[in-house]
Amino acid sequence: MTGAPTKARVTAGRPDPGPARTGRTLLALAVAGMVVSVQQTLVLPLLPQLMRAFDAPITDVTWVFTASLLAGAVATPLLSRFGDLYGKKRMIMLALVLLLAGSVVCALSGSLAVLIAGRAMQGVSSAMIPLAIGMIRDTFPRERITTAIGIVSATMGVGGSAGMIVTGLIAARTSSHHPVFWIAAALSAAGLALVGAAARDVGARPGGRPDFAGAALLAGWLLCLLLGISQGNAWGWTSRGVLGFFAAAAALCAAWVAVERRVRAPLVRLSLLAGARSLSANVASALLGFSMFAAFTLIAGFVQARPDDVGYGLSGSVLDVGLYMLPSTVTMLVFSTMAGPIAARIGPAFTLAVGSAFAGLCYGWLAVSNSHGYDMLAFSAIQGVGFGIAYAALGTLAVQHVPMDQSGIASGVNSLVRVTGGSIAGAVTASILAGRVIAGTEMPTLGAYELCFWIVAAGAVLASAVAVGHGLRHSRAVPA
């Protein structure tokens, strides 16, 4: 009717801000996600170099990686919940500020202790991915949610590969670790500026008093659990220290559950962790985290092994590790954008099953055939297809059945179990590689690597089975 006021198109009960605005938000979140993912793998190729630089054993230097993992595991559910209470953009900006500050601390570090402290500050930024997924659910029209989540989720793999390439290029020219972290600082500043200028946060903010008791207990039992996992191989799985950490984790977890069931506004609603609709998504996330983190650790060692010395490997450099993972970067980006249309046809649960099956296939390939460069390239390409599809569907599955004001913490819990799965992967594969070595050396046997590939493949296939079970139990769902 002429002269009638124009109304904003409404999708899923909220105004559609338009493709231009959501496009800018998505670009900002994707760039920030890639920056965060870069820091997660940036130090892996540097560990041998850091051992020499600080004259420290591998058990001490490994904390450069573990500290970031632990900080991320503790910070993710906390900042995710605070994002629901006070605004996701604010918490994303805080995570990126800490990433920038941590990068500068690492770049200026002259001792291993200072470097580890800086890495812990960087690790807090891991909360950015679930916060971004929650913001997408709040902001985007529902027909675009799965695709947008897929693009942001794909940055985990893209950034991981990019981190190894950056480190490889620098390691070939200098023995100092400082330039790597100055680059991380510059990337963090760029991501912070882009999010500040372009990201749009329209989610509901119920406010309220934070659950400080729940936060302290959650941080405590997560810290004890991950310390036990990370030190199991070095100290011995039956040592007093490791068993003590696991016992403390169990006691603190029981206390945390009791507190969360009593308080009026708990930090984590237990239904988001083990509810009828959430449990299968979280189990699948842990299994996929197991598979993805295993790739970062196993592939680096395998590619750099020399056939003349150990009978397997590709005689690659640190840079070659990143280059072999480039096909994964490309296919992950491509197929993450296809996850939305696939989920619209068969539902996110079955889409997750398809992606997980491809992830299992790539590790099965490497377990059977691994003696040529094209084997690694084929593995990488198939891996990108699997994780590109799976993580997009997983991000949707984690939040589709929860209230809008809890989307951040639901995604945060899902991310937490993925990091926990990755930590277990590191412990399991390290134990296998350390327990099966070539006589007279400390190098793992080919059979040890192949056993690890089969175990990781089984984890991905099990994730696919869990997703199929979820899809059969519940009617085909559309992202909400």
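How many aromatic pairs does a search of the whole structure find? In this predicted model, the search of the whole structure finds 11 aromatic pairs, and one of them, formed by Phe 302 and Tyr 312, is described below. The protein chain is assigned three parts, namely domain 1 (20–201), domain 2 (212–266) and domain 3 (268–475), and the points that follow begin with the contact of domain 1 with domain 3.

**Where domain 1 meets domain 3**

- The C-alpha centres of domain 1 and domain 3 lie 19 Å apart, and the contact takes 34 residues from domain 1 and 40 residues from domain 3.
- Between them, domain 1 and domain 3 bury about 3,300 Å², with 73% of this area on carbon and sulfur atoms.
- On the side of domain 1, the residues that lose the most area to domain 3 are Arg 137, Thr 146 and Met 164, which together account for 20% of what that side buries.
- Across this interface, the rule finds zero salt bridges, and it likewise finds zero residue pairs in polar contact when both residues are required to be at pLDDT 80 or more.

**The side of domain 1 that touches domain 3**

- Two or more residues each come from helix H4 (63–86), helix H7 (128–139) and helix H8 (145–171), and H8 gives the most, with 17 residues.
- By residue class, this side of domain 1 divides into 16 nonpolar, 13 polar and five charged residues.

**An aromatic pair**

- Phe 302 and Tyr 312 form a stacked pair, with 5.6 Å from centre to centre and 25 degrees between the planes.
- Phe 302 lies in helix H13 (residues 279–304), whereas Tyr 312 lies in the loop between helix H14 (307–310) and helix H15 (318–324), so the pair ties together parts that are 10 residues apart in sequence.

Methods
Residues numbered from 1 in each chain as written. Predicted model: local features only at pLDDT ≥ 70, side-chain atom pairs only at ≥ 80, totals over all residues. Heavy atoms only, no water. Domains from an automatic or database assignment. Contact = heavy atoms within 4.5 Å. Buried area = accessible area lost by both parts, 1.4 Å probe. Salt bridge = Lys/Arg side-chain N within 4 Å of Asp/Glu carboxyl O. Polar contact = N/O pair within 3.5 Å; in protein donor to acceptor, adjacent residues only side chain to side chain. Helix = DSSP H or I, 4+ residues; strand = E, 2+ residues; numbered from the N terminus. Nonpolar A, V, L, I, M, F, W, Y, C, P; charged D, E, K, R; others polar. Phe/Tyr/Trp six-rings, centres within 6.5 Å; stacked < 30°, edge-to-face > 60°.
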